[in-house]
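Q: I would like to go through this model with you. Could we begin with one of its pockets?
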Amino acid sequence: SEFALELFKDRSSDALTLDIVSPLEGSVIALPAPFGKSEDQIWPTRVRWQRQEDAGVWSADIRDRWAMSLLPTLGGWSGAMRFGSGPTPQASEDSLGLSWTGRVDRLDVDGWRQLLTSSVPRGSTGGGSVAQWIDQNFGSRISGDLEVDTLEVPGVASAAADLEMRFTESQWIVSVQGSSIRGEILLPVDKQSGRSIVVDLEHLYLVADDPELEADPISAPSQSDPREVTPLTLLVRSLYWGDLVLGTARLETHATNEGWEIELVDIDGPDLRLQARGDWSQVSEELSRSRMQGRLSSRNFNRLIRAT
C-alpha cells in the first residue's frame, strides 16, 4: 500500500504536525473483527502526531470505521476510541485510562479473548498478557459501551447485542444485553489470582447445527491442559439448545493441583434433567482425563436424540 507523509504547522494551534495517510490498499490486518481487514478492502486511514507543550499527541482515523486519540500522561497513557462514523474523541489530559463508544457490524469474542490472553511482544514495557499490559499502561480506568450488529461467541446463536465493559481489579466485567445472550460475565485476567470466571445469565441460546466433520475422531484425547484453564462458575436461568428448552443450568468448578474438580452440573428443565459431578485432570504430560458421574432423564428422549 502507498503512504503519504506531510510535516507542517497546524494553523489553529501553530503546533508541529506529522500526518501519515494511506488507503491501506493491498494490506492485510490479521486482527479479530471488527479490526480484521482483507487484502482487497480499501480503508482510508490517517495517523497524526502533533507536538503539544511537552508531549506528542497521537490520533488515528479509519474513515467511517474507527478513530482514536492517545496521549502520554502521569507515567502512562490516556486514550479514547470511537467505533463507526463521527468525530475523533479526545483523550483526557488529567488521568490514565482508556474508553470507547460506538457501533460495529461484527465482534469476534473468542478472537479477542485469545489476543488479550496472549503474551506481549518481547521487549515491551511491563510483561504478562496483553490485557495485563493494558492495565499497566492505562491504569484501571478502562471502560466502554458498544452496540454490536452481530455478536459472535462460540456455540452461541449469533445476534445483535449491546455491551458494557469495564476493567477493574484485574478482571473484566462485561454486561451483555441481546436476544441470544443476556447477563453479566466476570473475566479475571490473571489465572494465578485464583479467581474463577463467573457467568450469570438470564438467558442463553446455544447453536444446534448439524455437527461438522472434524480432523480428529471424537475419541481423540483432549489437547488442553486443565491446569492452564481458569475455573468456571455458571448460572443460566433459561437455557435453550436449538428447539430444546433446557431450563435452569448450573456449573460449579474449582482448581486443583491436577486441573479441575467439577463440583456440580445441574440442568433442570421440561426437556432434560441432568445432575452430575466429576473432575478434569492432567494425568501425564501428554494426556488429560475427564471423569463424570451422574443421572440423566428426559420426558422425550426421541426429541433429545434428534437435537443432538
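Q: Which element gives the largest share of the lining of the second largest pocket?
A: The largest share, four residues, comes from β3. Strands are DSSP runs of E with at least two residues, helices are runs of H or I with at least four, and both are numbered from the N terminus. This is a predicted model, in which local features need pLDDT of at least 70 and side-chain atom pairs count only at pLDDT 80 or more, while totals for chains, interfaces and linings use all residues. Residues are numbered from 1 along each chain as its sequence is written, and side-chain values use heavy atoms, with hydrogens and water left out.

Q: How much space lies in the second largest pocket?
A: The second largest pocket holds about 270 Å³ of space. Of its 13 lining residues, Gln50, Gln52, Val57, Ser59 and Gln90 are the closest to the centre. Two or more lining residues come from each of β3 (45-52), β4 (55-62) and β5 (66-73).

Q: What counts as a pocket here?
A: On a 1 Å grid over the protein atoms alone, a pocket is an open set of points where a 1.4 Å probe fits, with protein on both sides within 12 Å along at least five of seven lines; lining residues have an atom within 4 Å of a point. Grid points are joined across faces, edges and corners, and the volume is the space filled by probe spheres set on the points.

Q: What is the lining of the second largest pocket like by class?
A: The lining has four nonpolar, six polar and three charged residues. Ala, Val, Leu, Ile, Met, Phe, Trp, Tyr, Cys and Pro count as nonpolar, Asp, Glu, Lys and Arg as charged, and the others, Gly among them, as polar.

Q: Changing topic: which residues of helix α2 are buried?
A: In α2 (residues 130-138), the buried residues are Val130, Ala131, Ile134, Asn137 and Phe138. Buried means under 20% relative accessible area, exposed over 50%, and partly exposed in between, with a 1.4 Å probe and protein chains only.

Q: Why are they on the same side of α2?
A: They cover an arc of only 135 degrees around the axis, so they lie on the same side of α2. The arc is that of the directions from the helix axis to the C-beta atoms.

Q: What follows α2?
A: Glycine 139 follows α2, and its phi is positive, near 75 degrees.

Q: Where is serine 118?
A: Serine 118 is in the loop between α1 (109-117) and α2. At 27% relative accessibility, serine 118 is partly exposed. Leaving aside residues up to four places away in sequence, serine 118 touches Gly128, Ser129 and Val130, where contact means heavy atoms within 4.5 Å.

Q: And aspartate 64: buried or exposed?
A: Aspartate 64 counts as exposed, at 55% relative accessibility. Its place is the loop between β4 and β5, and aspartate 64 has a positive phi of about 60 degrees although it is not a glycine. The C-alpha atoms of aspartate 64 and serine 85 are separated by 4.0 Å, with the two residues 21 apart along the chain. Serine 85 lies in the loop between β6 (76-83) and β7 (97-108) and is exposed, with a relative accessible area of 55%.

Q: Which peptide bond is cis?
A: The bond from alanine 33 to proline 34 is cis, with omega near 20 degrees. Proline 34 is in the loop between β2 (16-22) and β3.
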